[in-house]
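I opened the model today to look up contacts, strands, helices and packing. My entries follow in the order of looking.

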Amino acid sequence: MTNEPPRSEPCAPQMRLLPWSTPDDRPCFLITDGAGGPVSDLADSIEEMQLGIGEELLRHARALHADPKVPDREFRFLSRRLAEALSDALRVARN
């Protein structure tokens with residue numbers, strides 16, 4: 001019997017969906033062991049930023065809904081931005 005600490009089993013590689021896509025709009029993945037690293041840290045930062053933008057858009061949407069004089073074109077613009085933010089949030093949630 002030895003006093004050596006138990007060996008930790010190496011983690012199986014995992015595929016992480018990254019919060020950006022290729023120029024032709026295909027998803028990007030990172031093969032990782034779950035230990036983190038510069039690309040994972042960058043992805044975490046971008047996901048945090050995307051969620052922050054979504055929260056900001058939601059506050060803006062609530063303010064616009066409270067104003068009966070907002071032009072339709074502003075609602076259409078906001079609708080497109082909210083759809084983008086929702087897409088980003090769903091990507092983060094699935095990751």
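**Entry 1: T32.** I began with the contacts of T32, leaving out residues up to four places away in sequence; T32 touches A12, P13, Q14, R16 and S40. Contact here means heavy atoms within 4.5 Å. T32 lies in strand β2. T32 is buried, at a relative accessible area of 12%. The burial scale is this: buried is under 20% relative accessible area, exposed is over 50%, and partly exposed is in between, with a 1.4 Å probe and protein chains only.

**Entry 2: ground rules.** I noted that this is a predicted model, where local features need pLDDT of at least 70, side-chain atom pairs count only at pLDDT 80 or more, and totals for chains, interfaces and linings use all residues. Residues are numbered from 1 along each chain as its sequence is written, and side-chain values use heavy atoms, with hydrogens and water left out.

**Entry 3: the overall layout.** I counted two helices and two strands in the protein chain. Helices (H or I, at least four residues) and strands (E, at least two) are DSSP runs, numbered from the N terminus. Along the sequence the pattern reads β-β-α-α. The protein chain has 95 residues, and 20% of them count as buried. I also checked contact range: among contacts between residues at least 6 apart in sequence, 41% join residues at least 24 apart.

**Entry 4: the strand pair.** How do β1 and β2 pair, parallel or antiparallel? They pair in the antiparallel sense, over five bridges. Two strands pair if DSSP finds at least two bridges between them. I looked up two of the partners. R16 stands opposite L30 in β2. S21 has P27 in β2 as its bridge partner.

**Entry 5: L30 and the faces of β2.** L30 is found in strand β2. With residues up to four places away in sequence set aside, L30 touches Q14, M15, R16, L18, V39 and S40. The C-alpha atoms of L30 and M15 are separated by 5.5 Å, although the two residues are 15 apart along the chain. I then followed the side chains along β2, and they alternate. C28, L30 and T32 point to one face and are buried.

Entry 6: I turned to D25, which is in the loop between β1 and β2. The hairpin has five residues between the strands. D25 has a phi near 65°, a positive value in a residue other than glycine. Is D25 buried or exposed? D25 counts as exposed, at 63% relative accessibility.

**Entry 7: helix α1.** α1 covers residues 38–66, 29 residues in total. From first C-alpha to last, α1 reaches 43 Å, close to the 42 Å expected at 1.5 Å a residue. The expected span is 1.5 Å times one less than the number of residues. Its buried residues are S40, A43, E47, Q50, G54, L57, A61 and L64. I asked what the buried residues of α1 pack against. They pack against β1 (14–21), β2 (27–32) and α2 (72–94).

**Entry 8: helix α2.** The 23 residues of α2 should span 33 Å at 1.5 Å a residue, and the end C-alpha atoms are 33 Å apart, which agrees. L78, A85 and V92 are the buried residues of α2. They pack against α1. Leaving aside neighbours within four places in sequence, A85 is in contact with G54 and L57.

**Entry 9: the nonpolar core.** Which residues make up the largest nonpolar core? It has six: L57, A61, L64, V70, L78 and A85. The elements giving two or more residues to this core are α1 and α2. The largest share, three residues, comes from α1. A nonpolar core is a set of buried Ala, Val, Leu, Ile, Met, Phe, Trp, Tyr and Cys residues joined through side-chain atoms within 4.5 Å. In soluble globular proteins, nonpolar side chains tend to be buried together.

**Entry 10: a ring and a charge.** I closed on F77. The charged end of R81 sits over the ring of F77, 4.6 Å from its centre. The rule wants NZ of Lys or CZ of Arg within 6 Å of the ring centre and within 35 degrees of the ring normal.
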